[in-house]
Amino acid sequence: MNKAVYRGRHFLIKFKNLFGTGRSVVLSPKLCSEDLQGQKQTRKMSSKPIYKPADRLLGHDKNVWVEFTALARKCKAVNLGQGFPDFAPPPIISEALGKVASSSDISVNQYTRSQGHPRLVNAIGKLYTTLLKREIDPLSEILITGGAYESLFCSFQGLIDPGDEVIIIEPFFDCYLPQIAFAGGVPKFVTLKPKENATSTKDWIWDKEELESAFTEKTRAIVINTPHNPIGKVLSMEELQFIADLCKKYNVICISDEVYEWLVYNGMQHIRIATLPGMWERTVTIGSAGKTFSVTGWKIGWSIGPKELIKNLQTVQSQVTYTLPTPTQEALAQAFEHEIPLVGTEKSYFKELSSMLEKKRDLMAKLLTDVGFKPTIPEGGYFMMADTSDIDVDFDEYDKSDDPQDYKFVRWLTKEKGIAAIPPSAFYSAQNKHYGAKYIRFCFIKEDSTLEAGAKKLKEWKEELESKK
């Protein structure tokens with residue numbers, strides 16, 4: 001056989017073998033030559049264990065929702081823990097989705113604009129032009145995301161560099177911390193603390209000196225949440241102005257999580273920090289369809305802000321989800337178009353939902369008080385923090401783990417009493433979990449029948465406690 005033909009065949013066989021074993025390395029002429037001459041090739045394998053997680057994931061593998069949602073399901077408990085409605089959304093949005101699904105318009109079943117379905121961003125732009133008291137450009141100043149979760153993720157990935165400090169007011173929604181860490185940010189915590197004998201969430205305050213001392217030349221952003229989860233606090237104009245002044249003084253971005261914006265009670269007013277002088281230019285405002293229209297499973301959120309900030313979030317989103325389902329965006333747009341003329345009237349779903357939840361809030365407060373909890377009455381949102389200090393149960397005998405007291409209490413309450421809740425120490429930094437350990441977080445955006453079932457179990461527990469006295 002011709003020597004050149006032999007060498008060519010030999011090279012092809014080697015090349016196929018490399019790909020056949022999954023090794024798609026580029027061969028240098030020298031290596032090929034050595035192999036063809038029969039010399040043994042030695043290469044070191046990776047020393048990293050194949051199942052090792054990326055370093056940025058370390059310490060963030062536990063999730064309070066995974067454990068306690070599964071526990072509630074396993075024990076068939078009345079779920080007063082996880083924050084989702086167990087009643088139907090308003091007809092306008094479910095009917096809109098049905099119409100979209102059966103539409104002859106082929107385009108609603110195909111990809112839509114990456115940064116947000118045109119009809120939806122136009123509707124949101126029209127609404128927030130009024131709410132934010134400025135003209136909103138729907139194409140450059142709005143980003144539609146996979147829920148508020150992705151809005152937060154895109155904000156941190158798009159605006160935070162490794163080493164940048166981000167101020168978090170705790171307790172905080174638990175995804176803030178890992179998302180900031182994934183971006184390489186350094187969290188700085190400032191704690192809301194209740195006044196002595198606090199009865200309302202307005203009694204939960206921060207120390208002004210502590211908050212200002214958290215701002216440094218390394219501070220890139222502050223995350224605020226109003227109305228607040230898990231406390232239910234609605235930040236006042238005075239509190240928002242204090243934050244705004246610090247943001248301007250230290251040249252800091254404000255990421256404002258306002259997903260519960262329509263759920264305020266007792267005549268409280270939700271104030272959007274982006275409307276304060278000098279704050280539009282440095283604020284990303286985040287909203288949620290799940291909280292606005294009671295459709296948490298739709299997972300649609302949005303970010304609104306100056307195009308100079310939003311374009312960075314759009315860049316991240318284009319490499320994460322790229323685009324979101326067209327049918328749900330189209331249906332949501334139609335729901336907003338129906339709702340916008342009604343905002344501020346008694347016919348508005350936003351008003352209807354808030355009024356309904358205020359009654360449910362008051363009912364839950366009574367039920368918890370009757371058993372011996374000391375609830376803090378929320379000004380907004382749909383969660384209630386309840387002080388467990390007066391409940392006499394020895395959880396250490398029941399639960400030998402090193403977890404905080406509230407984790408033990410919720411496990412016991414779910415398993416033994418059939419009532420599911422959430423331990424709020426999950427919403428605190430490692431060094432400050434003791435602040436949340438004497439509380440339990442309950443959710444009251446539930447059907448009356450669910451609350452009544454919870455009431456029955458609480459009453460049974462109360463009778464049991466009284467029989468032991």
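Proline 230 sits in the loop between β7 (219-225) and α9 (237-250); helices (H or I, at least four residues) and strands (E, at least two) are DSSP runs, numbered from the N terminus. The peptide bond joining asparagine 229 and proline 230 is cis, with omega about 20°. The model is predicted, and its local features need pLDDT of at least 70, while side-chain atom pairs count only at pLDDT 80 or more and totals for chains, interfaces and linings use all residues. Residues are numbered from 1 along each chain as its sequence is written, and side-chain values use heavy atoms, with hydrogens and water left out.

A cis bond also runs from glutamate 170 to proline 171, with omega near 5°. Proline 171 belongs to the loop between β3 (165-170) and α7 (176-182). Most peptide bonds are trans, and most residues other than glycine have a negative phi.

Asparagine 197 has a positive phi, near 60°. It lies in the loop between β5 (193-194) and β6 (204-205). Asparagine 251 has a positive phi of about 55°. This residue is in the loop between α9 and β8 (253-257). Asparagine 251 is exposed, at 58% relative accessibility.

An open sheet of 3 strands has the order β11-β12-β14 and antiparallel pairing; two strands pair if DSSP finds at least two bridges between them. β11 (374-376) and β14 (439-443) are the edge strands. Strand β12 (residues 383-387) is joined to β14 by 5 bridges. Aspartate 387 stands opposite tyrosine 439 in β14.

Key:
Buried < 20%, exposed > 50% of the residue type's maximum accessible area, 1.4 Å probe, protein only.
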